[in-house]
Amino acid sequence: MAKILVVDDAAFMRMKATRLLTENGYEVVEASTGAEAVARFKSERPDAVLLDITMPDMDGITALKEIRAIDPNARVAMVTAMGQQSVVVAALKAGASDFVVKPFAADRVLNAVEKLVA
Amino acid sequence: MELAADITSEDLKVFLEEAEEQLQLLDDDILRLERDGASDELLQEIFRAAHTLKGSAATIGHRNMAAVGHASETLLDRLRNGDLAVNTEIVTALLHSLDILRAFKEELAGEADEEPDIEAVVAELEAATGAPDDADTDEPADPAPLSIDHGVVAAILEAEAAGDAVYRPIVTLLESCEWRTVRAFQVVSELSTIGTLLACSPTSAEIEADIVGRTIDAIVITKVGQEALEETLRAIEDVGSVEFVEVSSGPSPAEDAETDEASGAPDQSSAEETSHRAQRGSQTVRIDVERLDNLANMIGELVIDRTRIGQIGRVLASRYKDDELIESLSETTGHLSKVVSELQEDIMQARMLPVGTVFRRFTRMVRDLALSLGKQVEFITDGEDTEIDRTVIERIYDPLVHLLRNAIDHGIESAEERRANGKPETATLRLSAYHEHGYIAISVKDDGGGIDTEKLKQSVVANGLETQESVSRMSRSEAVNLIFTPGLSTADETTEVSGRGVGMDIVRSNIEAINGSITVDTAIGVGTELILRLPLTLATVNSLLVKVGKHDYALPLVYVTETIKISQHTLTTVSGRTELLTIRDQVIPLIRLHDIWPGGSGAGRAEDAVFAVIVNSGDKRVALGVDSLTEPQEVVVKSLGGFMGEVKGISGASIMADGRVVLIADVASLVNTAGRRPQRDAQLQSEAPGGSSDLTSAVAGNLEDAA
């Protein structure tokens, strides 16, 4: 069973993602800040990460870079609300494999996660 | 309020709890913002809270709440980026938006019945934001069509020669794709991952700038095969179709600029059109000047290596006589040498532009200027086809504007005056370009009144630039050259046309900065001719190589008039310091380059200088004392990096075949700081610098003396 790290500062968003993923047979670990995401990535070694971009303390891009520094092959998809495409491009440049737009459609998230763990 | 179908009551509960937290935080923070003013951390925190609230609202499907959240987020983003400063209007708008968000929340929680109206608050937020937030909905500018330049064609040929497959996929994104920039970035990234991306429209720079259409047109070399390539591209979200256009290296598949501009967006250019365009081909390609410069630089390096290999080969040949391998090395080197030379010539040729491109710009200027001054001028241009390096062309535009203005304003007389002097009322102003001894000469010649040297002398004296005594001793040509005196205005009164504070001295220094020279020929009542002599290119410079102490220097030949052996000429010392050489009745100051460039330990003493190189800049002439001379050669100019700063009397550097670094002397500045006018210079005009063959033989003669 593939393990997914869901990172979002909004508990509501985490809950939605976690429920969707567990219902579809994934094991889910959660983190609510960038720093926590990095720590959990280290301890849990998930197969893939769904990473929110806008978070307090450490933003998603910084967390992404730290995660990729821990494991250069880390599979990360960024989660973002509609906004500046440049942030997403920056994330893709920093090594994100994919991204999901909030509010996310269930099939889109599942599709992205499936690709990440493939 | 209609919510998304999959929202359960538990979802809503979590959402409401969290919304309350965010609203509370926003309440406190916005008030803090008003009280304490903005800080980066505070604005970031407010932005994040609004952003999170908006994201969650959108997820539960609450469109109105998300819309208000979005409008506040946009305003906050501008605050955060420093585009806006916090003011009462902004704080009020944000507080109003909070009220509405809270009302929505209460309505959702069942605490209120009325769903609030969002129009007023969104309008208020937008007014506070300033420019409407249409970045997401605006059709962005269209990217330029795929540009296939020399480099790409060469790479395609290379790949084909190596048996690699080259593909040109045209990816069309779905109409519904909202994030074209990101998708285009993903397409380009994938292509770069599975192969070598040769060209792409939109380019990476365009993607960075959000200039992305619905299609992505690319040329890629890859080993994975068309099927796998297509599969990879289709796997990217929002990719609608992937089509392949045949890539042919036959005639360059270059696009025609004008047609492309007319056809516009790649959205409109279907695969068929693109394919048609690719097959039609064209005889020319557009190429970035920077790329040409890079190529020229690399070829410069190649030239150095070639010469070096040649030298090594010769050493080996003398060391191991009759060795077959070494013979074959020399043959190969010979061939390499030939190819590199041709390559160098070709790239120089590619950098050339006919001077007509700049001449054409003057026709209108001359006409307007003559009209405004009420003068009748026939403007004739000659030799427009003469080709010259594009960097030189850029650098001569301003000087030529100045010379032409001067000619019309000061040189050419009014129609009445001309008639009174028995000249045709319509003056002739001729701008011509021609080849002369390996240089390009550009002449600006008018049949005007000529330079009145008496008036010029008075003006120079009146401006305190020379003394009455010194000008009274000047020959006519010395006096003519006074037009290059810094700070001089030749007009009786400063006129609107020429009185722009840019004197002939600036013109001259601009021309000398590119290793060119300028000379004047004038006769009262007959006219004035100014001749610019310019190098064909700035990439290399024909130089005389000299040794000073331990180091080698290159003196650009354009400045060199002759070389002499010091001992064969009279040397006098004045004021105990300045040395003067008398050469054919002319007295020329001698600058021993050892004094300017101390050569470090073991360097020859200044007194040891054996040879003098006579150099000219403008009307000044000096003799530069050096230890030894080598034959003139073409050196490849490498500019001194910024870190070296301004080195006195040095304009650049070059690397010789044997790896030695040679510094290129800035002769004009050496002459201008230390030079003086020759005491007698009847031959100045005829001895204008030009790198004549006489000079080369003179140098060769001295080399023989030295040997």
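The tour of this predicted model goes from a helix to the nonpolar cores and then to a sheet.

Begin by selecting helix H3 of chain B, residues 63–80, whose end C-alpha atoms are 25 Å apart, in agreement with the 26 Å that its 18 residues should span at 1.5 Å a residue. Among its buried residues are B:Met65, B:Val68, B:Leu75 and B:Leu79, and the buried residues of H3(B) pack against helix H2 (40–60), helix H4 (88–108) and helix H5 (119–129) of chain B. After H3(B) comes B:Gly82, with a positive phi near 80°.

Next, turn to the largest nonpolar core, which has 106 residues and in which A:Val49, A:Leu50, A:Leu51 and A:Met78 have the most contacts. H4(B) gives the most to this core, contributing nine residues, and at least three residues come from each of domain 1 (9–129) and domain 2 (150–280) of chain B. A second, separate core holds 85 residues, including B:Leu369 and B:Val622.

Finally, select the open sheet of chain B, in which five strands follow the order E6-E8-E9-E11-E10 with mixed pairing. Because strand E6 (377–382) and strand E10 (517–523) of chain B each have a single partner strand, one side of each is left without a neighbour in the sheet. E6(B) runs parallel to strand E8 (residues 427–436) of chain B, joined by six bridges, and B:Phe379 stands opposite B:Leu429 in E8(B). Helix H14 (residues 356–373) of chain B packs on the sheet, where it touches E6 and E8 of chain B, with its direction at about 170° to that of E6(B).

Terms used:
Residues numbered from 1 in each chain as written. Chains lettered and ligands numbered in written order. Predicted model: local features only at pLDDT ≥ 70, side-chain atom pairs only at ≥ 80, totals over all residues. Helix = DSSP H or I, 4+ residues; strand = E, 2+ residues; numbered from the N terminus. Expected span 1.5 Å × (residues − 1). Buried ≥ 20, exposed ≤ 12 C-beta atoms within 10 Å, placed from the backbone. Contact = placed C-beta atoms within 7 Å. Core = buried A, V, L, I, M, F, W, Y, C linked by C-beta atoms within 7 Å. Domains from an automatic or database assignment. Pairing = 2+ DSSP bridges. Axes fitted to C-alpha atoms, helices over the stretch in contact; angles between N-to-C directions.
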